[in-house]
Amino acid sequence: MDVDTIAAISTGPGVGAIAMVRVSGPEAGEVLLQLAPALDEIPAPRMARVIDVCEPDDGEVIDRAVATYYRKPESYTGEDVVELTCHGGVMAPRLVLSACLAAGARQAEAGEFTKRAYLRGKLDLIQAEAVSDLIDARSRAFHRAALRHMERGLSARITGLRESLVHLESLLVHHIDFPEEDEPPVALNVIAEEAKRVVQELDALLATAPEGELLREGALTVFAGRPNAGKSSVFNALLGEERAIVTEEPGTTRDALEETVQLSGFPFRLVDTAGLRESEGRVEQLGIEVALRYLKGADIVLFCIPAPEETSEEDRSFLEKITAPVVLLETKVDLTDGPERDTTELGGLAGAIRVSASSGQGLDQIRQLLPELAYSGLVGSLGDQPILTRQRHIRALKIARSEVELFRSSLKDGLPAEIASTHLRPAETALEEVLGVITVDDVLDVVFREFCVGK
Amino acid sequence: MDARYDVIVVGGGHAGAEAAAASARAGVRTVLITPDLSRIGQMSCNPAIGGIAKGVVAREVDALGGVMGRATDASRIQFRMLNRSKGPAVWGPRAQCDRNLYPVAVRCVLDELESLDLFQEMVSDLVLEGGRVTGVRTRGGITFYGTAVVVTAGTFLRGRIYMGQEAGAGAGRAGEAPSIALAEGLESLGLEMARFKTGTPPRIDGRSVDFSRVERQDGDDQVIRFAAYTEEIIPAQRPCWVTWASDGLKKVVSDNLEKSALHGGEISGRGPRYCPSIEDKVVRFPNAPRHQVFLEPEGLHTTELYVNGLSTSLPADVQRDFLQTVPGLENVVMTKAGYAIEYDYFPPHQLRHSLELKEISGLFFAGQINGTTGYEEAAGQGVIAGINAALKAKGEDPLILRRDQAYIGVLIDDLVTRGVDEPYRLFTSRAEFRLLLRQDNAIRRLGLLARDVGLLTEKQALVLKDRLDQENKLTAWFHDTKLAPNDVDPLLVEAGSGPISGPVRAVELLRRPRVQAADLLSAGRSDSDIGNPQEGLRAGVLRAVEVELKYEGYVGRERERAARLEEQSKLLLDHDLPYLEFETLSYEAREKLARIRPETFAQAARVPGVSPADLQNLLLEVRRTRAREGRSL
Ligand SMILES: Cc1cc2nc3c(=O)[nH]c(=O)nc-3n(C[C@H](O)[C@H](O)[C@H](O)COP(=O)(O)OP(=O)(O)OC[C@H]3O[C@@H](n4cnc5c(N)ncnc54)[C@H](O)[C@@H]3O)c2cc1C
Ligand SMILES: Nc1nc2c(ncn2[C@@H]2O[C@H](COP(=O)(O)OP(=O)(O)OP(=O)(O)O)[C@@H](O)[C@H]2O)c(=O)[nH]1
Ligand SMILES: [Mg+2]
C-alpha cells in the first residue's frame, strides 16, 4: 500500500540564519540521495552530514546543508525522516523544498507530520495538540502547560481516570454476573465511594479550566477612564514600546488597540481604549462604543483616574456598569504629593495602584497584581498539575463528570446496579475521545486543522 | 442406501437438536445423524438450564422457535430466578432438570417436525466438491447428500477423558466413543484446530447424605416459564442443598495435587476460568476460607445428587476422600467419579457470522466445537446455524443477530471477531447493551424475526401476535391513563413514595422506585372507560411492559448508543482487502485483521490487538483503496 513521502519547510517564514526542510515517508532516504549525488548511500541514522544540495534534474548546487536521517520508527513521525538544515532567508529553503518535490516528495498538508506521528502511535491526541500549542505559545505559563501535556501529564491523568472507570465496571460485573460465588460481591456503597473519588478528581481537573482557557488566549485586560487620564501612557509603559499615540489633547485614542504581553510569565491581552465621555465627535463616539463593548467582555478592567484630579460623577456611573474586577490606577502620581484617594465610594475594587508612566512607579505592582487576579489558581502551582486549556478537553471531561456523578447518585438512590452502570460507558467513551483512543473522524479533522504546514 | 436432503445435521447434542429443529421448521428436508438416538439432547454435565445471561439465551432460543425452552419446562424439577435482588434487567432464570426427562422432552419436540428425519450412525467424513460441501459419509459407508451440513460434534472430536494419572482414554463423554475419523477428516480440509478441556464433578448417593448438616434450598413459588409459545406440563418440584467445603477438603486436594490430570500436566488444553476445577480453586485461591457446594437432584426418580462446585480430575479414591471432608457428606457413597475431558475445537475466527465456514461453502459449525461451553451457548448457535443452513439451501440471505438484539448475537460476534483463548461462556458483561437484552423481552426482540424466516408454526405466530398486541395495549394504557390521588395515594405511600396533588399519568408513577405495575393497574380499575386491562393477560406481559416502562429512559439511552454503533458498522470492509500490505498498520494488527477478515469497520474495532491508531489508518487505507477504484466510501 502506498503511503507517500511528504516534505515541507518546517521553520517559520522570515529571515533567519538557518531553516529546516523536513521529509517524511518511505522514500525519504531516496529523496536525500537524489538531492545529494555525493552520497552513495543513505547516511547512518541520527548522524549529521554536510551535503551540497543539488537540483535533481541538472545537478546544479542550490545550497550547502546539514542532512540528518532518522530511520522508522525512531523518528518524529514514526516513518523514515530526513531533516535538511539549510540556509535561511527567502530563497534557500524554497529551493531546497522544490528540489525535494522534484525528487518525488509531495508538499505536506497543514499538520500532516504530526498527524502521521499520531496515526503511528508516536503521540496521543493530547500530545499532538500540545505540539501545536508549544509552537503557538506566547507566554511562559502557556508554554509550560503545553509542555506538561507534551510530557503526557494530562494524558496520564485521563488514562488513570479511565482505568478507574474500567475498574468500577469490573466491580459491578462481579456483582451482577457472579451472584453465587463464594466471595461476596463488593458492596455497592464501596463502589459508590470509589465513584465519588473519580468525580473529585475530575472536578479538580475541571477547576483548572477557566484559567486554563485564559492561558491560551490571554486575559482580556481593558484600560478605561476619562480622556487624557494617561491610559495610553501606561499601556505603552507595560508594553515597553510606544504603541499608542500619546498627546496632551483629550480624546487622542479613538480605535481600540490590542496587544498581547506576558506579565510574570502569564499572558494578557491589553486593550487601550478611547477615553470615556459624552462626545459630539462622530469618530470619538464610535471609539467610545468600541470601548464599552470591550469592557463588557473584559476579564479585568484597569480604570484610570489621574491622581491630581477628583473622582467625577461620570467615573462613578461608568464603574457601576462594569462587571469584571476593577483595578484603580491613580495615574500621573509624579504630579502630586496628595494623599491616596478615598476609594470607598468607588465600590468593591480588586485593587488600587498609584502609577506614573513617566517615572515608572507602580508598574511592577501592576505586573504582579494582574497575574494574581486572572490566574489565582495557577500562580505558584503551575507545572505541578495538568491544566485544561482546550474546549475539546473541557467539554469531554464535563460529560464524563456528569455521567460518573449520575452513576454515583443512581447507586445511592438504590437504582439497580445494571441501571447505574449505563452511565459508565459513556463516561469512558468521553475520556477515550480526549485521548484519541477511539478516534471519531471529525475530532481528528478539527484537531489537525489547527496546524500550519511543516509541523 | 444413499439419501438426499437439503440440510444434514451431524450430532444430536444441544446445538444439533436446535439446528435440526430450526432447519426443519424453515421447511427444508433435514436429517439429524447421531450415534445414539436415545441420547439426543443429553446433558453431559449438570442437568440444569439457564442462569445469569445463559437463562436469557434459553429464552432467546425459545423465542426463535427453539427446543430448549419447552424441554426445560417439561423436565424442570426446580426453578429459581437468579439475581432477583437486583434489577429485572439482569434476572437469570435457571432450572434444575430431570436428567432423563430432558432428552425425552427434546425428542418429543423433534418428533413434531415433519420435514425432519433422524438417523442413528456415526459420521466419519464429509463429501466435498470443489470447495463446497455436498454431503457426509457414515462409519457404515452410507452417503447422505445435502446442500448444507451443520457439524455439532461437541466434546467428541478426539475426546480424551482423564481421571487421575491414568493415560487419557478416548471418549466423547463418559461411556461414549470419541469421534476420531470425523476430526481427522475436518483437519485434512486445512482447518485450524486446537484443544480445550473441561471437567465434571462426582455424583453421590442421596441416601448417604446427612441432610441435617446441610442447608435446604427450595425453588421459587411463582411459576415463570421458559417457553413463551407453548405451555408444557411442569413436573413435581424438588429442593437442592447447600454446604460448604473448607480446610479438610483443601488439605486432601493439595496433598494429592500431583495426581491430578489437570495439574499434573497430562492435559495441555486450556480450561474455563469461570468453571474451575476444585484443584484450580485450591491453587488459585489458597486463602479462601471455604467453597460453596450445591447438592442438586439428578432427577425425580433417582436418589443421585450432582455435586456442583467440585469438578475434578483427581483419582476416584481421592475424590471420595475429599467428599467425605464436606459437612453432611461424612459417610457419603460416590456413585460416579468426576473426570476431565480434552477435545478438539475449531478456533472460530474461521467462521462467518452466519456460522458458515469462510473457506468451505455450505459447511456450518455450531456448539462446543466453536470453542464455547454450556448448553445454552450451544443451543443458541444451533438455531442460527440451522436456520442459515436452511436459508442457504433455499438460496436466501442468512439470519444474523446483532449485538444489541440478542445475547446470541453477542456470542457469535465475539466468537467470530475476537476468537477464544479459553472455553467461552456468556456473561451479562459481554453485552454492551445488557439493558436491552432481557429475559422478559426475548419475544419482542426476536419473535417477529423468527416468524419472518419461518421459524414459527402458525399457532406460535398467533400466540406471538396476541402477546405483542397485549403488550402494546398495556403500554398504551400506562401512557394514556391519568390516575387520581384518591386511587393511588395509598399505594404510593406504601411504596415509600410521596402522594400526588392531582391526576398523574400512570407511566410517571410507575417510574417511581418500588411502585409496581400490578398495583397501578388495580388502582386504575375504577376508570370505567378502559375496563381492566389486566384481564386475560398472558404470563409475562405485565412484567415485560413494567420493565420496559420503568427503565424507559435508560433503555432509550442504550438504544441510542446501539443505533450509533449500527451506523458505524455500516462501513463494510471487503473480504479481499490486502491487510498485509497496509504498511501504516502495526504488524500485529495486519496479521489479526488478515486472519479474522472483519466484515465491518465496527467489527474491526473489536478485534483485540488492533489499536485506535491502526483503526484510523485502516480507515485511510480503505479510503485510498476505494478512491483508486473510483468508489466512494
Ligand atoms: C465432562 C463434561 C463436563 C462439562 N462441564 C461443563 C461445565 O462445567 N459447564 C458448562 O457450561 N458446560 C459443561 N460441559 C459442556 C456442555 O455439556 C456442552 O457445552 C454442551 O453439551 C455442548 O453442546 P453441543 O451440542 O455442542 O455438544 P454435545 O452436547 O457434546 O453434543 C455432541 C453430539 O454430537 C454427537 N456426535 C459426536 N461426534 C459425532 C459424529 N462423528 N457423528 C455423529 N454425531 C456425532 C454426539 O453423540 C452428541 O450427540 C461439559 C461437558 C462434558 C462432557
Ligand atoms: N507627568 C506625567 N504626565 C503624564 C503621565 N501619563 C500621561 N501623561 C500625560 O498626560 C497626557 C495624556 O496622556 P495619554 O496617555 O494620551 O492619555 P489617555 O488617557 O490615553 O488620553 P486619551 O487617549 O485622549 O483618552 C499626555 O500629555 C501625557 O504626556 C505621567 O505619568 N506623568
Ligand atoms: Mg489614549
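In chain A, L154(A), I158(A), L165(A), L168(A) and L172(A) of helix α6(A) meet H393(A), L397(A), V404(A) and F407(A) of helix α13(A). Sorted by class, that contact has eight nonpolar residues, one polar residue and no charged ones. This comes from a predicted model, as does everything described below. Helix α6 covers residues 153–177 of chain A and helix α13 covers residues 391–412 of chain A, and the two pack at an angle of about 25° with their axes 13 Å apart. The pair is therefore roughly parallel. As for handedness, α6(A) passes α13(A) in a left-handed crossing.

On the α9(A) side the contact uses V234(A), A237(A) and L238(A), while α12(A) brings in L363(A), I366(A) and R367(A). Five of the residues in this contact of α9(A) with α12(A) are nonpolar, none is polar and one is charged.

The magnesium ion (ligand 3) is coordinated by S232(A) through OG and by T253(A) through OG1, at 1.9 to 2.0 Å. S232(A) sits in helix α9 (residues 231–239) of chain A, whereas T253(A) sits in the loop between α9 and β8 (257–263) of chain A, so the pair ties together parts that are 21 residues apart in sequence. What about exposure at this site: are these residues buried or exposed? S232(A) is buried, with a relative accessible area of 9%. T253(A) counts as buried too, at 12% relative accessibility.

Turning to the backbone of chain A, a couple of spots deserve a mention. The peptide bond that runs from K72(A) to P73(A) is cis, with omega near 0°. P73(A) belongs to the loop between β4 (61–70) and β5 (81–87) of chain A. Elsewhere in the chain, R46(A) has a phi near 65°, which is a positive value in a residue other than glycine. R46(A) lies in the loop between α1 (28–35) and β3 (49–54) of chain A. With a relative accessible area of 51%, R46(A) is exposed.

Chain B has a positive phi to report as well. Phi of A53(B) is near 65°, and A53(B) is a residue other than glycine. A53(B) is placed in the loop between β4 (48–50) and α2 (54–63) of chain B. The relative accessible area of A53(B) is 2%, so A53(B) is buried.

Further along chain B comes another helix pair. Helix α3 (residues 68–75) of chain B packs on helix α4 (residues 101–111) of chain B at an angle of about 135°, with the axes 8 Å apart. That makes α3(B) and α4(B) oblique to each other. The crossing of α3(B) past α4(B) is right-handed. From α3(B), the contact draws on M68(B), R70(B), A71(B), T72(B), A74(B) and S75(B); from α4(B), it draws on L101(B), Y102(B), A105(B), V106(B) and V109(B). By class, the residues of this contact are eight nonpolar, two polar and one charged. How enclosed is α3(B) by the rest of the structure? Seven of the eight residues of α3(B) are buried, so this helix is largely enclosed. The buried residues are M68(B), G69(B), R70(B), A71(B), T72(B), D73(B) and S75(B).

T143(B) is located in strand β10 (residues 143–145) of chain B. T143(B) is buried, at a relative accessible area of 8%. Setting aside neighbours within four places in sequence, T143(B) is in contact with D2(B), A3(B), V127(B), V136(B) and R137(B). T335(B), for its part, is in strand β20 (residues 334–336) of chain B. T335(B) is partly exposed, with a relative accessible area of 38%. Beyond its neighbours within four places in sequence, T335(B) is in contact with R203(B), I204(B), D205(B) and E304(B). From T335(B) to R39(B), the separation is 296 residues in sequence and 21 Å in space, C-alpha to C-alpha.

Conventions. Residues numbered from 1 in each chain as written. Chains lettered and ligands numbered in written order. Predicted model: local features only at pLDDT ≥ 70, side-chain atom pairs only at ≥ 80, totals over all residues. Heavy atoms only, no water. Axes fitted to C-alpha atoms, helices over the stretch in contact; angles between N-to-C directions. Helix = DSSP H or I, 4+ residues; strand = E, 2+ residues; numbered from the N terminus. Parallel < 35°, antiparallel > 145°, perpendicular 65-115°, else oblique. Left-handed = near helix turned anticlockwise from the far one by under 90°. Contact = heavy atoms within 4.5 Å. Nonpolar A, V, L, I, M, F, W, Y, C, P; charged D, E, K, R; others polar. Donors = N, O, S within 2.8 Å, 3.2 Å for Na, K, Ca; no water. Buried < 20%, exposed > 50% of the residue type's maximum accessible area, 1.4 Å probe, protein only.
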